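This report concerns a helix pair and a strand pair. The sequence and the structure are shown first.

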Amino acid sequence: MQQLATVPSRGAPKVDARANDAISDVCIIVEGCYPYVPGGVSAWIDWLIKTQPDTSFSIVTLWPRPTTQAPRYQLPANVMSFQHLYLQDFGERPVIRQRRPADTDAFADALAGLINHGGAAQLASVMATFKAISGTVEPQVMFNSPVAWEIVRRMYDATMPYASFLDYFWAWRALLGGLFATLEFELPKARVYHTISTGYAGVLAARAAIETGRPAVLTEHGIYTNERRIELLMADWLADTVEKGHALHDPRLDLRDMWIHAFEAYARTCYEACGDVVTLYEDNQRAQRVLGATEPKLLVIANGIDLERFSNIKAAGDDVPPTMALIGRVVPIKDVKSFITAAHALKQRIPNARALILGPTDEDPEYFAECEQLVADLELRATVEFTGTVNILDYMSRIHVCVLTSLSESQPLVVLEAGAAGIPFVATNVGSCREIIEGRADEQPALGPGGIVTDLVAPIQIADAVAKLLADPALRHKYGEALRARVSQTYTSMQAVAAYTHLYGRLIAQPTSIANLQPATL
Amino acid sequence: MAAPVLPATHPAPPSRAKGGWAVERPNASVVLNIMLAATAEGLLAFGYIKATYDWPVFLIGHVALVGILALWVAAVGRAGGNAALPLLTAIAVSATGPIGAVAALITLAFSRPALEDRLLLEAWYERIALAVDTDELTQLYDLVATGRTADLSSESPRSFSAIVQTGSLADRQATLGVIARGFHPDYLPALMLALKSDEPVIRVQAAAVATRVRIDLRRLVDRCATSGGQLAPGSSAAISAANQLRACIASGLLDESDRIRAGIVADRLGTAPSRVDAVRLRAEPVADRLSIEAMLLREGRFGAFRIARRIARISSTGLYRVRRLARAAAPAKVDVTGGAR
C-alpha cells in the first residue's frame, strides 16, 4: 500500500534516495494537503520547514491513492526524504496457497477495541497482534485475503450483529483500509514525529511513538475530528441501516455512528500518544479537551506574519470613496453572498460606498456566476468589484474596513495582515477571529477591540458594523491601531518560529523511552 | 430463474460442506457416459487378462478411451456445463484404468443436488459484490428480522430548538446532522439558534449545514414561484407554501434577490384568507382548516378568525344555510349568516 521514496510516485517530488536510511530530526506526517494542495496547512508546512533551516525533515504524506497531481511546493533543501502512504490503495491480491494464521480473533478483537474506544494501549494491542499475523501473511496482501474476511466477520458479530452485513462490509473496508495501510507502513527514522492532524496521520504518529520510543507532537489547525464528524453527520453516501427517526439516543449503533466513533477513537489515540498537543488558538482547546487531550499537553502557538511587508502602508483617507473589502477566494465557505447583501444594505446608508472582493474567482465558477448574478439583481455593479487575484499590498491603502464573512476558518491570515496595516476588521465569529480582533481574556495590557465581530450569515449586522466604522474616522483609527498593536505583540512570524525552534529542540533532546503499554484488555 | 431470497445480514457464504466433498449431481447423459467408460475399460482389461490380445493392443485401447474422455470434458466445458465429474472420470481412468472408472461410478453415489446451493452461492456473491439490488420485500424482511425498524417505545423527539439551546454537545451535533440530512423549513429556527451558539464547534457545524440548506431553500423558492401560480390563493396548499416561504425569509439564509422574490410569492399566496369564502373553507379538511385558523390568529386577524370558526361550527352540524345579505356599511369581505335548524 505504501510507496517508499526510493520509487517516487508519478508527479511526486523526487528526493535523493541515498538519504532514506538516515535519521531526520523531525518526521512530518500530513494527510491530504502538502505538497499537492496550495494554501492553508500546506503553506504553513512549507513555512515551518523553511524557517527551521538547521533542522532536518522527512515527510510522510497520506493520500488516498497514487496521484498524477503535480506538487505545488518545491521541497526545501533540509528535507531528507519524502514518502507516500496510500490509504485507499487496497493492497495486492493474495497469492494461491497463501498460508493462513491459526488465529485471527485476537487481532480482530484488538481492532474492534481500537475503532470503538481508541487509546494508546489499544493501538499497542493492535500492533502486537498485527505483528503476530504478519509472520504468516504478508501485510500487503492481508487486506484482500481470507484473513481479512475472518476479521470482518468477527468484528461484525462483536459490534453490529443486527446491521446489514453488506453495508457493514463495505464500510469496514473503507474505514479499516486506511488503518491497515497505517499499520503496515514502514516508518522513516526520526527523532521526533510531528503530525499535523489526528485521523490516520495521528494514528501513524502514535504508532511511531509506541514503536520507536521517540516523542510525537500534534499541531492542529482546525479540529480534524470535528470536521470529520460534521462531514459524516451530513453525509448522504453513508447508509442509515437502522430506522432511528428523530431519536437522538437510540442505543443501536449504526454505520454512521461507527465512522464517527472510529475517528474519535483515532483522535483519542493520538492525543494520548503525543507528548505535546499544539493548536493555533484557545477556542480549539475546548474541543481537544472533550476528545481526551489532557491539560499539561495543551499548547497554543499562533500563526504569525511578517510585519515588515505591511509597515509602509498608509491608512485610506477621505480622498477615496468609503471602501470595504473582502480578501479571499470566491467560494461558498467564504459566504461572499452575505458580503454582497451587506454591500446592498450599506449602499442604502452610504450611497457612494464601494465593496471590493480581492481574490481568485476560478475555484468555483458556478458559485462565482451566482455571485455575479446577485450583484446584477441588486443593481450593485457600480458598487461591488471582483478584482480576481491581486497583490493586496497594492489595495490596502484604499481600504477603510476589511470584512470576513466566512462560515469557517481557523486562524485567518487576512485578519493579521489587515491588522499589520492598521485596517480595522469586521468578521464573523469563526475560528480565532474574536481572539484576534478583541484579544484574549488575559491580554496584558488590554489593547481594546480592533474591529467588530458579528454572527454568521448576518449581512445586516455586517453592514451596520461597517457603516459605524466608515462614519467615524476616529473610531476607525482607534480600532485599526489596536489591531496593529495586537498583531505586533502576539502574531508575528518571528514568535511562531521561535516557539517551534524551542519545541523541536526540547523534543529532539528527549531520551528515547519505549512506553510499557500493556495490551488492552477487551 | 429468480435468485433465492437471502437475508442481507448473511455474513458467511452458504455452507458447501453439507454432504462432505460434494460434486453436483450429474444429468443422465453424464451417468451414461461414465458407465460406458467403465464398461469399455472393464472389457479391455478382461480381454487382456484372458490373453485375447497382447498389452500393446490394451494400451492403444486405453489411450483411445482416455482421448475420447478428454474430448468429452472439453465439449462439456465449451457448452458451459459442470465439467467436474467428467474431468474426474477422465483423470481416474487415465491413471488407473478400470479401477478409476469404477471409482468414478462410486463418486456418483456421493454426489448431491448442488444446483440450489450454487444459486444461493451466486446470489450471495452478487449481493456481497453489490452487483444486484435488493427488492423492497427483502429489504423490509431484513429490517424486521434484524430489529432495525423504528423503536416505537422510545421517547418522543424533543424540540430541535430546545436541544440546540440546552442539549449536550453530542445531541446538538446530532440534531444539526438530522437537519442537514432531512431538511424542512420548520427546522430553520433551530438552525439560526445554532449559528449564534456560544460553542464554536456548534457554530462551525451550523455554518456547514447552512451552506447546504441554502441550496434547498433556493429550490423551495423556485418551486413555490413556479407552482404558486397554479395554487388558489387562500387554499391550504397556498397558505402552507406561503408559511414555508416566510420561514425561509426569516432565516436570513436566502440570497437578497431570492428573499425579495420569496416575499412577493408569499404575499400573493398568503393574502387570500381575507377572501376566504364559506364554500371553500367548508370544503377544507379539518387539519387544513386548523392551519388556516392558526395563521389568522398569528397574524392578528381576529375578525376573519371568528368568521372561520363560525363557518366551521355551522358546517359541523350538517344542517345549515348560507345567505348573503346586502349590508351597505359592512366592511367585511366575507359576510356569512345563517343558522342551524
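In chain B, helix 2 (residues 55-78) packs with helix 3 (residues 84-96) at an angle of about 165°, and their axes are 9 Å apart. Helix 2 of chain B is therefore roughly antiparallel to helix 3 of chain B (an angle over 145 degrees). The model is predicted: local features need pLDDT of at least 70, side-chain atom pairs count only at pLDDT 80 or more, and totals for chains, interfaces and linings use all residues. Residues are numbered from 1 along each chain as its sequence is written, and chains are lettered from A in the order in which they are written.

The contact (C-beta atoms, placed from the backbone, within 7 Å) is made by the residues tabulated here.

| Helix of chain B | Residues in the contact |
|---|---|
| Helix 2 | B:Leu65, B:Val66, B:Leu69, B:Ala70, B:Trp72, B:Val73, B:Val76 |
| Helix 3 | B:Pro86, B:Leu87, B:Thr89, B:Ala90, B:Val93, B:Ser94 |

These residues divide into eleven nonpolar, two polar and no charged. B:Val63 is also found in helix 2 of chain B, and is exposed, with 11 other C-beta atoms within 10 Å (exposed means 12 or fewer, buried 20 or more). B:Val63 and B:Val93 are 30 residues apart in sequence but 9.8 Å apart in space, C-alpha to C-alpha.

In chain A, strand 12 (residues 401-404) pairs with strand 13 in the parallel sense over three bridges (pairing needs at least two bridges found by DSSP). A:Leu404 stands opposite A:Ala427 of strand 13. In strand 13 (residues 425-428) of chain A, A:Phe425 and A:Ala427 on one side and A:Val426 and A:Thr428 on the other are all buried, and both faces are covered.

How values were computed: Axes are lines fitted to C-alpha atoms, for helices over the stretch in contact, and angles run from 0 to 180 degrees between N-to-C directions. Helices (H or I, at least four residues) and strands (E, at least two) are DSSP runs, numbered from the N terminus. Angles under 35 degrees count as roughly parallel, over 145 as roughly antiparallel, 65 to 115 as roughly perpendicular and the rest as oblique. Two residues are in contact if their C-beta atoms, placed from the backbone, lie within 7 Å. Ala, Val, Leu, Ile, Met, Phe, Trp, Tyr, Cys and Pro count as nonpolar, Asp, Glu, Lys and Arg as charged, and the others, Gly among them, as polar.
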